[in-house]
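Thanks for making time this morning. I would like to take you through one model, element by element, and I ask that you keep the structure open while I talk.

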Amino acid sequence: MRKIEVCSTSLDDAREAEAGGAVRIELCSAITCGGVTPSHATIQSIVDANLNLDINILIRAREGGFHYTPSEIDTMCRDIEFCRHAGVHGVVIGALTAEEDIDLEACKRMVEAAGDLSITFHRAFDICREPLASLEQIIALGCDRLLTSGQQHSAFAGIPLLRQLTTQAAGRIIILPGAGVNPQNAMHILTETGATEIHGSLRRNGHTDARMVQDVVEQF
């Protein structure tokens, strides 16, 4: 069964994603700079709305790269603990070394903080030096899903690597294509990569648009 996850920044966005048929949102703030962790109040408002979709929270201490200081990692772990107690479905994490490899120690701390929450590794992957080796490390960390554009500016352009990642994953982790996804290319990306889930912002005038989400879902 094919599924769509929608990147959202507010309760209004989440309601539009639900109305369009999304199964999940990735909640963040500052979407125009790649997203950072949303406020606790925003998270709680969406949990309290009891929407018919899963809520995953982006855990990112700041914009501007994915190599974090010890204090930033501490902050992200505390945000994850808040999310666990707030009642969300999952968190979206990632950290790299200065050499752009997976920061295994930082990621292990975040995975441990997440407990039973679903874990997605985010697009920090798209600047990793060795994507195929990094995929194996992400699987070993216990992540359920990898959000990636195939190390290109868009998932459409990244189809070759996305296909390779899906094949290599062999069901051990969900490969979630994202970046530049729209109703015109979503089904092509899924078909060409073999992926079963896709991630998109699907926004109009700065907000999630239920019609655009529905236009993708109706192709499944």
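What covers the buried residues of helix α3, residues 70–86, includes α2 (40–48), β3 (54–58), β4 (90–93) and α4 (104–114), where helices (H or I, at least four residues) and strands (E, at least two) are DSSP runs numbered from the N terminus. The residues in question are E72, I73, M76, C77, D79, I80, C83 and A86, which are buried in α3; buried here means under 20% relative accessible area, exposed means over 50%, and partly exposed lies in between, with a 1.4 Å probe and protein chains only. Before I go further, please bear in mind that this is a predicted model, in which local features need pLDDT of at least 70 and side-chain atom pairs count only at pLDDT 80 or more, while totals for chains, interfaces and linings use all residues. Residues are numbered from 1 along each chain as its sequence is written, and side-chain values use heavy atoms, with hydrogens and water left out.

As for its geometry, α3 has 17 residues and reaches 24 Å from its first C-alpha to its last, close to the 24 Å expected at 1.5 Å a residue, the expected span being 1.5 Å times one less than the number of residues. Just after α3, G87 takes a positive phi of about 100°.

Let me turn to α4, in which A106, C107, M110, V111, A113 and A114 are buried. Because they cover an arc of only 160° around the axis, they sit on the same side of α4, the arc being that of the directions from the helix axis to the C-beta atoms. On the other side of α4, E105 and E112 are exposed. The buried residues of α4 pack against α3, β4, β5 (118–121) and α5 (131–141), and just after α4 there is again a glycine, G115, with a positive phi of about 60°.

Which residues have the most contacts inside the largest nonpolar core? They are V91, F121 and I173, in a core of 67 residues; a nonpolar core is a set of buried Ala, Val, Leu, Ile, Met, Phe, Trp, Tyr and Cys residues joined through side-chain atoms within 4.5 Å. Leaving aside neighbours within four places in sequence, F121 is in contact (heavy atoms within 4.5 Å) with residues including I93, I102, C107, I138 and L146.

Now to the strands. Strand β1 (residues 3–8) runs parallel to β8 (residues 197–200), and four bridges join them; two strands pair if DSSP finds at least two bridges between them. The bridge partner of I4 in β8 is I198. From β8, E197 and H199 point one way and I198 and G200 the other, and all are buried.

C7 is in β1 and is buried, with a relative accessible area of 5%. Its contacts beyond four places in sequence include H199, G200, R203 and T208.
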